[in-house]
Amino acid sequence: MTPSPDSVVVLDAKGLRALAHPLRVQLVDLLRKHGPSTATRLAERLGVNSGTASYHLRRLGAAGFVEEDTERGNARERWWRSVHRTTRLTDDGGLADREPEAVLAYMQSIAALYNLRTQQALNELQTMPQPWRGVLDLSAVPFRLTPEEAGRLRADLSELFARYRRDGDEAPADAVRVYLMTQVIPELDDPEEP
């Protein structure tokens with residue numbers, strides 16, 4: 001069973017604590033990106049030992065982010081798959097106030113993952129086909145917004161993303177995976193403009 005493109009998990013305190021580790025964020029990301037795999041294969045990709053990967057996969061399984069893929073493997077080989085397609089962190093219930101260290105650790109892990117993806121793309125820039133070099137973009141666009149306006153901007157962007165989101169069988173044959181990473185980052189120490 002592959003997660004449906006619209007399957008989203010909204011983090012609660014338990015889920016947040018389970019994902020507040022950079023290796024776990026990377027494991028979930030790899031399972032979502034490449035599909036089911038074993039702890040050994042995932043460990044090779046991440047440069048860790050298989051025991052470490054296996055431990056973190058079991059913790060992710062206990063929290064409901066991954067599950068054993070019983071259609072694959074055998075008694076010696078345990079396969080894992082992602083349960084959800086997307087993870088969302090909202091602060092509707094004051095999660096950042098109740099779990100500040102876990103929120104920070106999770107957000108730092110996500111930022112590190114985004115940085116890794118960006119660096120990988122830049123490392124491949126010279127060999128990237130010209131049409132893809134032409135659409136690669138690293139932009140920072142400053143706005144002056146209220147919290148409500150920033151929330152509406154984020155919601156509008158989410159609606160736009162949904163129009164383009166599709167998986168495997170729905171995508172044209174020449175489509176490749178494209179990541180669009182957005183960050184709405186308040187700059188609270190910004191001096192007043194004249």
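Tutor: Start with a cut-off: buried means under 20% relative accessible area, exposed over 50%, and partly exposed in between. Keep in mind that this is a predicted model.

Student: Why is Arg81 called buried?

Tutor: Its relative accessible area is 9%. The limit is under 20%, so Arg81 counts as buried.

Student: What makes Arg81 and Asp69 a salt bridge?

Tutor: The rule asks for a side-chain nitrogen of Lys or Arg within 4 Å of a carboxyl oxygen of Asp or Glu. Here the N to O distance is 3.0 Å, so the pair of Asp69 and Arg81 qualifies. The two lie 12 residues apart, Asp69 in the loop between E3 and E4, Arg81 in strand E4.

Student: Is Asp69 buried or exposed?

Tutor: Asp69 is buried, at a relative accessible area of 1%.

Student: Which other residue does Asp69 pair with, and how do you know that it is a salt bridge?

Tutor: Arg72 is the partner, with the closest N and O atoms 2.6 Å apart. The cut-off is 4 Å, so the label holds. Arg72 is partly exposed, because 39% relative accessibility falls between the 20% and 50% limits.

Student: Which residues are linked in a network of salt bridges?

Tutor: Glu67, Asp69, Arg72 and Arg81.

Student: What makes Glu68 and Arg78 a salt bridge?

Tutor: Their side chains meet at 3.1 Å, N to O. Glu68 sits in strand E3 (residues 66-68), and Arg78 in the loop between E3 and strand E4 (79-82), 10 residues away.

Student: Why are Glu68 and Arg78 called partly exposed?

Tutor: Glu68 has a relative accessible area of 36%. Arg78 has 39%.

Student: How many salt bridges does the rule give?

Tutor: Six.

Student: Now the second largest pocket. Which element gives the largest share of its lining?

Tutor: H2, with five residues. The elements that give two or more residues are helix H2 (22-34), helix H3 (39-46) and helix H6 (100-123). The pocket has a volume of about 200 Å³.

Student: How does the lining split by class?

Tutor: Four residues are nonpolar, three polar and four charged. Lining residues include Asp29, Lys33, Arg45 and Arg117. Asp, Glu, Lys and Arg count as charged, so these residues belong to the charged class.

Note on methods. Residues numbered from 1 in each chain as written. Predicted model: local features only at pLDDT ≥ 70, side-chain atom pairs only at ≥ 80, totals over all residues. Heavy atoms only, no water. 1 Å grid on protein atoms, 1.4 Å probe; cavity = no way out; pocket = protein on both sides within 12 Å on 5 of 7 lines; lining within 4 Å. Points joined across faces, edges and corners; volume = space filled by probe spheres on them. Helix = DSSP H or I, 4+ residues; strand = E, 2+ residues; numbered from the N terminus. Buried < 20%, exposed > 50% of the residue type's maximum accessible area, 1.4 Å probe, protein only.
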